Amino acid sequence: MSYELQDYPLHFGFNSFLTCRDLVRLLAGATAGLHSMIDEHFGISVVEYMAAGAIPIAHKSAGPKMDIVLEEDGQQTGFLAQNVEEYADAILKIIRMRESERVNMAAAARKRACRFSEERFYEDLKAAIRPVMGTSSS
């Protein structure tokens, strides 16, 4: 399968050993984030993309498929792919989206990412152990 990208200016890079500040800065300017690890048990980098407003393109397996890149309020939050053609299709779909579509998908992704926040984890953990501990809801 051949893809023509000459009409779409692409800017991408590979970075390693970033400070947290640099990672936040880069993600804030990203349109999409690519994650290709097969069978990753969770996929925190996918959640980081989503929280930053970058549309995730993640491998269609394990955590990203089962827990992360799911609809939020009926809105698609990203793309799942399992081979080169599907990744390329997802990239092209994002590139060709109207800006309003990208903004809506990014907003849904941000909202979904909140499900994995530290605060949400703390609240869910408290709710889970309350019955065992025999404590009230305060």
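Modeller: Ala62 counts as buried, with a relative accessibility of 19%; buried means under 20% relative accessible area, exposed over 50%, and partly exposed in between (1.4 Å probe, protein chains only). The place of Ala62 is in helix H3, residues 62-68. Helices (H or I, at least four residues) and strands (E, at least two) are DSSP runs, numbered from the N terminus. The phi of Ala62 is near 45 degrees, a positive value in a residue other than glycine. Most residues other than glycine have a negative phi.

The model is a predicted one, in which local features need pLDDT of at least 70 and side-chain atom pairs count only at pLDDT 80 or more, while totals for chains, interfaces and linings use all residues. Residues are numbered from 1 along each chain as its sequence is written, and side-chain values use heavy atoms, with hydrogens and water left out.

A positive phi is also found at Asp39, which is not a glycine and has a value of about 60 degrees. Asp39 lies in the loop between E1 and H2. At 54% relative accessibility, Asp39 counts as exposed, whereas Ala62 counts as buried.

The buried residues of H2 are Val46, Val47, Tyr49, Met50 and Ala52. Their cover includes H3, together with H1, E1, E2 and H5, where contact means heavy atoms within 4.5 Å. Just after H2, Gly53 takes a positive phi of about 90 degrees.

Two of the helices that cover H2 can be described by their packing. Axes are lines fitted to C-alpha atoms, for helices over the stretch in contact, and angles run from 0 to 180 degrees between N-to-C directions. The axes of H2 (residues 44-52) and H5 (residues 99-113) come within 7 Å and cross at roughly 125 degrees. H2 and H5 are therefore oblique to each other; angles under 35 degrees count as roughly parallel, over 145 as roughly antiparallel, 65 to 115 as roughly perpendicular and the rest as oblique. The crossing of H2 past H5 is left-handed; a crossing is left-handed if the near helix is turned anticlockwise from the far one by less than a right angle, and right-handed if clockwise. On the H2 side the contact is made by Val47, Met50, Ala51 and Ala52, and on the H5 side by Ala106, Ala109, Arg110, Arg112 and Ala113. Seven of these residues are nonpolar, none is polar and two are charged. In this division Ala, Val, Leu, Ile, Met, Phe, Trp, Tyr, Cys and Pro count as nonpolar, Asp, Glu, Lys and Arg as charged, and the others, Gly among them, as polar.

H1 packs against H2 at an angle of about 60 degrees, with the two axes 9 Å apart. That makes H1 oblique to H2. The H1 and H2 crossing is right-handed. Here Leu23, Leu27 and Ala28 in H1 meet Glu48, Tyr49 and Ala52 in H2. The residues of this contact divide into five nonpolar, no polar and one charged.

H5 is involved in another covering. In H4, Tyr87, Ala88, Ala90, Leu92 and Ile94 are buried, and what covers them includes H5 along with the strands E1 (32-35), E2 (55-59) and E3 (79-81). H4 (residues 84-96) has 13 residues, which at 1.5 Å a residue should span 18 Å, and its end C-alpha atoms are 18 Å apart, in agreement. The expected span of a helix is 1.5 Å times one less than its number of residues. H6 (residues 118-133) has 16 residues and reaches 22 Å from its first C-alpha to its last, close to the 22 Å expected. Just after H6, Gly134 takes a positive phi of about 65 degrees.

The whole chain gives the setting. The protein chain has six helices and three strands, which follow the pattern α-β-α-β-α-β-α-α-α along the sequence. Buried residues make up 30% of its 138 residues. Along its principal axes, the C-alpha trace spans about 65 × 30 × 30 Å. Of the contacts between residues at least 6 apart in sequence, 50% join residues at least 24 apart.
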